[in-house]
Amino acid sequence: MGKAEQFEDRSEQLRRQAMGKARDEASERASRGRVRPDEETRRAQQEAQDRLDQDYDA
């Protein structure tokens, strides 16, 4: 195996590692993005319930 082939193999290996890392990071960001809307939904529901409770308490 010549030096050129070794460099090509190594560059391909590094490229695949970089792509895998980018994919993992994107997946992690997407997961965090999905959590936040759920929290916002729960907070909005709680606020609506609190307003409803206040209306009946008055």
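A salt bridge is counted where a side-chain nitrogen of Lys or Arg lies within 4 Å of a carboxyl oxygen of Asp or Glu. By this rule the count here comes to two salt bridges. The model is predicted, so local features need pLDDT of at least 70 and side-chain atom pairs count only at pLDDT 80 or more, while totals for chains, interfaces and linings use all residues. Residues are numbered from 1 along each chain as its sequence is written, and side-chain values use heavy atoms, with hydrogens and water left out.

**Salt bridges**
- Glutamate 12 forms a salt bridge with arginine 15, with 2.5 Å between the closest N and O atoms.
- Glutamate 12 also meets arginine 16 in a salt bridge, at 3.0 Å from N to O.

**Position in the helix**
- Helices are DSSP runs of H or I with at least four residues, numbered from the N terminus.
- Glutamate 12 and arginine 15 are three residues apart in helix 1, which means about one helical turn separates them.
- Glutamate 12 and arginine 16 are four residues apart in helix 1, also about one turn.

**Accessibility**
- Exposed means over 50% relative accessible area, buried under 20%, and partly exposed in between (1.4 Å probe, protein chains only).
- Glutamate 12 is partly exposed at 28%, as is arginine 15 at 40%.
- Arginine 16, at 58%, counts as exposed.

**Another site in helix 1**
- Glutamate 47 is found in helix 1, which covers residues 3-57.
- Its relative accessibility is 41%, so glutamate 47 counts as partly exposed.

Methods
Helices (H or I, at least four residues) and strands (E, at least two) are DSSP runs, numbered from the N terminus.
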